[in-house]
Amino acid sequence: MIHPIPPGTRDILPDEMRELRRLHLALIDVFESRGYGEVATPAIEYDEVLARGDGRAAGSAYRFFDERGDLLALRSDMTVPIARLVASRFAGAKEPLRFCYLANAYRAVRPQRGQMREFAQAGVELVGAPAPQGTVEVVEVLEAALDAAGLDRAVIGLGDADLYRQLLTELEVEGEARDAILARLATHDLVGLELELTRAGIGAEQVATCVALSQLRGGREVLERAQALGSAAVERAIARLGETYGALERRGVAGRVQVDFGLLRDLGYYSGAILEVYDPALGHVLGGGGRYDGLLKRFGVDLPAAGFALYLERVHVAQLEEESRREGAAP
């Protein structure tokens, strides 16, 4: 008799668990070798804490009341709990602070879209290191983690979280129309993006400019191409991205970084540089991150910060695909 499990969850059997365990250890070894100490936080937080960190993401959290009537929620990522941890346990500590983790997170999503309700993440948080130096360190650790997983073809997209928010303000798009456009960008839905821009009453020329901007990706040359599209918001984003990319070049870690003007993360606390990881072996995003310089201020500690998280199940699948590719190419 088969007893089903909830959609968006899965069982892990021994052979796969052994492979995942090796991946876990390899990633934690990379993080700790770079000075990041492993931490763990409760899977259950007070709903108010998660909402303070990111009200938009808190809307997709699993909520329930405890025996005292307090509203609790399952964490939907590790960044907000670590911000809470820093404010509670590390106020006044010498900066920068470096944390790493390997933990499950939970989101109320639509499993039919291939999304998981329960998923494992491995990542780092660098607290107290401003841009661009802190961003560069996070990218260096991310590259080392991808190498440890055998994903030498993986690409790191570099975008700007503030670009489209500021651009839509220039275009006087607010409310639900603004949210709908940002949602389309976050899912890389270009057809839907053009539709929502048109619905918002933006002129045909401006719609074409926004769509063209969202498709600009590549090396330093795309910064120059973006300038031709005009707009003060675009100019500010070019300056920020140019500063970060230049710092990556000086440290010799820009080779696998691709500037991506269409990049937008689906979490509301990001500001400035944002990151997303792709591998040719897999159609899904492997992870992402970026700067969240205003998040800790919501918990009473005003510190710059950046980090990333990798989806372990997706990294594992990409790892197996890359191993298969290399074996097939061997003479």
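**View 1. The buried face of helix H1 in this predicted model.** Leu20, Leu23, His24, Leu27, Ile28, Val30 and Phe31 of H1 are buried. Looking down the axis of H1, you will find its buried residues within an arc of 155 degrees, so they line one face of the helix. An α-helix has 3.6 residues a turn, so residues three or four places apart point the same way.

**View 2. The other side of H1, and its end.** Turned away from the buried side of H1 is a face with the exposed residues Pro14, Asp15, Arg22, Leu25, Asp29 and Ser33. Just after H1 comes Gly35, with a positive phi of about 90 degrees.

**View 3. Helices H6 and H7 packed together.** Here H6 (residues 163–170) meets H7 (residues 175–186) at an angle of about 145 degrees, and their axes lie 11 Å apart. The crossing of H6 past H7 is right-handed. On the H6 side, Tyr164, Arg165, Leu168 and Thr169 make the contact, while H7 brings Arg178, Ile181, Leu182 and Leu185. Sorted by class, this contact holds five nonpolar, one polar and two charged residues.

**View 4. Phe99 and its surroundings.** Phe99 sits in strand S5 (residues 97–106). With a relative accessible area of 5%, Phe99 is buried, because the limit for that label is under 20%. Leaving aside residues up to four places away in sequence, Phe99 touches Tyr36, Gly37, Val39, Ile82, Val86, Phe90, Gly123, Val124 and Glu125.

Notes
Residues are numbered from 1 along each chain as its sequence is written. This is a predicted model: local features need pLDDT of at least 70, side-chain atom pairs count only at pLDDT 80 or more; totals for chains, interfaces and linings use all residues. Side-chain values use heavy atoms; hydrogens and water are left out. Buried means under 20% relative accessible area, exposed over 50%, partly exposed in between (1.4 Å probe, protein chains only). Helices (H or I, at least four residues) and strands (E, at least two) are DSSP runs, numbered from the N terminus. The arc is that of the directions from the helix axis to the C-beta atoms. Axes are lines fitted to C-alpha atoms, for helices over the stretch in contact, and angles run from 0 to 180 degrees between N-to-C directions. A crossing is left-handed if the near helix is turned anticlockwise from the far one by less than a right angle, and right-handed if clockwise. Contact means heavy atoms within 4.5 Å. Ala, Val, Leu, Ile, Met, Phe, Trp, Tyr, Cys and Pro count as nonpolar, Asp, Glu, Lys and Arg as charged, and the others, Gly among them, as polar.
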